[in-house]
Amino acid sequence: QVQLVESGGGLVQAGGSLRLSCAASGRTISTTDMGWFRQAPGKEREFVAAINWSGSRTYYVDSVKGRFTISRDNARNTVLLQMNSLKPEDTAVYYCAVSRTPWDYAYLSMPGLYDYWGQGTQVTVSS
């Protein structure tokens, strides 16, 4: 079992930055691929970014490319999401999750293929 706790969300003006953190406990996540998702009110959960176990490969949804950066610190059992140039449409609850399938670009964006979700952290971007 893995417990995931997201933090770092908040209220920021458009153009601002936030750094989200996902801290894992219970077991190491250093050998697993990880993902960030988000869910806005009334919308389905949306894939944001993924990172492989070593940090050597990353993948982003088109809408955040060039603005968001996913990284990980395996020594601290943590995954990070640096969000720059935030837009009002980035407003959502952000979740991290553990992938249960090998790295495959065809499946990385599917929330059903992730386990052990955190409780989420709210990100609100004002215009």
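Here are some numbered notes on the model above, taken strand by strand and then loop by loop.

1. Ground rules. This is a predicted model, where local features need pLDDT of at least 70 and side-chain atom pairs count only at pLDDT 80 or more, while totals for chains, interfaces and linings use all residues. Residues are numbered from 1 along each chain as its sequence is written, and side-chain values use heavy atoms, with hydrogens and water left out.

2. The open sheet. Four strands make an open sheet with antiparallel pairing, in the order E1-E3-E8-E7. Strand labels are DSSP runs of at least two residues, numbered from the N terminus, and two strands pair if DSSP finds at least two bridges between them. At the edges sit E1 (3-7) and E7, each pairing on one side only. From one strand to the next the twist averages 15°; axes here are lines fitted to C-alpha atoms, and angles run from 0 to 180 degrees between N-to-C directions.

3. E7 with E8. These two run antiparallel and are joined by six bridges. If you want a residue pair to look at, Asp-73 has Thr-78 in E8 as its bridge partner.

4. Strand E4 and its neighbours. E4 (residues 34-39) has five of its six residues buried, so the rest of the structure largely encloses it. Buried means under 20% relative accessible area, exposed means over 50%, and partly exposed is in between (1.4 Å probe, protein chains only). With E9, E4 pairs in the antiparallel sense over six bridges, and Met-34 stands opposite Val-98 there. With E5 (residues 46-51), E4 is again antiparallel, over five bridges, and Phe-37 has Phe-47 as its bridge partner.

5. The E4-E5 hairpin. Six residues lie between E4 and E5 in this hairpin, and Gly-42 in the turn has a positive phi of about 80°.

6. In soluble globular proteins, nonpolar side chains tend to be buried together. The largest nonpolar core has 28 residues, and Trp-36, Leu-81, Met-83 and Tyr-94 touch the most other members. E3 (18-25), E4, E5, E7 (68-73), E8, E9 and E11 each supply at least two residues of this core. Apart from it lies another core, of seven residues, including Phe-47, Ala-50, Ala-97 and Trp-103. A core here is a set of buried Ala, Val, Leu, Ile, Met, Phe, Trp, Tyr and Cys residues joined through side-chain atoms within 4.5 Å. Phe-47 is worth a click, being both in the seven-residue core and the bridge partner of Phe-37.

7. The disulfide. The structure holds one, where the term means a pair of cysteine sulfur atoms within 2.5 Å. Cys-22 and Cys-96 form it, with their sulfurs 2.0 Å apart. The pair links distant parts of the chain, Cys-22 in E3 and Cys-96 in E9, 74 residues apart. The torsion about their S-S bond is about 65°, so the disulfide is right-handed. Both cysteines, Cys-22 and Cys-96, are buried.

8. Two backbone spots to check by eye. Ser-85 is not a glycine, yet has a positive phi of about 50°. Ser-85 is in the loop between E8 (78-83) and E9 (92-99) and is partly exposed, with a relative accessible area of 41%. Tyr-116, also not a glycine, has a positive phi of about 55°. Tyr-116 lies in the loop between E10 (114-115) and E11 (121-126) and counts as partly exposed at 31% relative accessibility.
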